[in-house]
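Have the sequence and the 3D view ready.

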Amino acid sequence: MIPPMAESPDSPRVEPPDGGAGGPAVSIRMALALVVAAIAVVVLVVALSTNPKPGSPTPLGERERSAEAFVGSIGVVVHLNYVDTAYGRQADVIAGLRELGVSHIRDAMPSPVEPLGIGLRAASQAGIRATLATGDVNRDPAAAVADALKVVPHSVDAFEGPNELDNSGDPAWPATLSAYMPKLGLAVFRQARGTPVIGPSFVNPANRSRISPDLPGLINGHPYPGGAPPEPALSAAVREADAVPGSRGLVFTETGYHNALRDSANQPPASEAAAAVYFPRLLLDAFGLGARRTFIYELLDEKPDPGLTDSQQHFGLLRNDFSPKPAFAAIRTLIAAVRRSPGPGNRDRLDWSLSGAGARGVTRLTLLRRDGSRVLALWRPVSVWDREAVRPESPAELPVTLRFGRQVHDLVVWRPSTSGSPVESRPSTRRLPVTLGGDVVLVSLR
């Protein structure tokens, strides 16, 4: 596909030792050692923040996580230099990102600067930050980093290594990565100290073992579910990351679903309706599993394909004419519901439980807003799409009951995959019956 996650602007920055990283007394070998040390410090800061260690089980209700961190974990892949596609309508692309509510994108390093620089500047002016991936492994990474910093000096989330080089057809790709990544790490350390580096991505995760785990960068995953429920693919990607010695954190720089229902040559499709159910689950589950950021591939269908035969033209959340697919609406509603507070809440621990036959199979995530109000996310890891028969599936409904240890107030129920508005509200209660299908249910309260 195309070419991680970053600290916030307030995150601690890594400073060089006395004398700086590039002084005449520092050998290139020592400089590379400093890069590794600097990245280790950045990763330690990341690991001690709101996200648990990758591989932790999906949180249950008693583990509260930051609602703001969840929203910030959502990113979208764009191709602002594909000016011969729908991405050439850059003003509409930026408007689509703002409507969606996402403020993090992933694109290539602007080296050469134009035409990509035009789109990145526009995104930056709209308050959107960028993870920038290696575009050309033959270009000096120091020059590529310098070009990016000229274009968006204050809006780079992270610099990312080469994209799926194991799928390039070059048998020497392991040697290429082994030579490139230390140079990229050194360039970032010298020019943008404290900015995270993300490692290379792979089409075949097993190929990760063919490069040294000592190369700089957070672990980079591409867990495409291939038309299936998202949870198994995400869990497998976390296990693969945990198997890397010295794992330093995890970013999913690509994942998603395509809707080319007549493409039988590539990964299996999912219908637009099924993708709308799966995407909120994917984003919540990835966050619960410890991924620092998850980038949806991609914002926009690039070129028309009315025959639905080319998967590469149907990964977008927006169709080629910029009309929103159901998944766009579901993610927009998910973000809006998590952000929308009913007012200051009680920050004391909220004890709650879920009862009913089958309640043990329900995944639960509690998101705590800064003002003390909360969002409880509930979903079942069930299939709503038969990818073999290429048709919908309807999981049996599951009635459960939410019980709270104290009176809660201004309770609002959202189902982002089916409605852009709340589906139920109560001024106060200690008990809420809910019927679960295959979609995410959000319960906002204070």
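A salt bridge here is a side-chain nitrogen of Lys or Arg within 4 Å of a carboxyl oxygen of Asp or Glu. By that rule, the count comes to 17 salt bridges. Keep in mind that this is a predicted model, where local features need pLDDT of at least 70, side-chain atom pairs count only at pLDDT 80 or more, and totals for chains, interfaces and linings use all residues. Residues are numbered from 1 along each chain as its sequence is written, and side-chain values use heavy atoms, leaving out hydrogens and water.

| Salt bridge | N to O distance |
|---|---|
| Asp92 – Arg89 | 2.8 Å |
| Asp157 – Arg129 | 2.7 Å |
| Glu231 – Arg281 | 2.9 Å |

Buried or exposed? We call a residue buried under 20% relative accessible area, exposed over 50%, and partly exposed in between (1.4 Å probe, protein chains only). Asp157 and Arg129 are both buried. Glu231 is buried at 7%, and Arg281 is buried at 0%. Asp92, in contrast, is partly exposed at 33%, and Arg89 is partly exposed at 39%.

Salt bridges with shared partners also tie Arg106, Glu160 and Glu254 into one network.

The chain's mean pLDDT is 89, with 86% of its residues at 70 or more. Over residues 2-61, though, the pLDDT is below 50.

Conventions: pLDDT = per-residue confidence, 0-100. Contact = heavy atoms within 4.5 Å.
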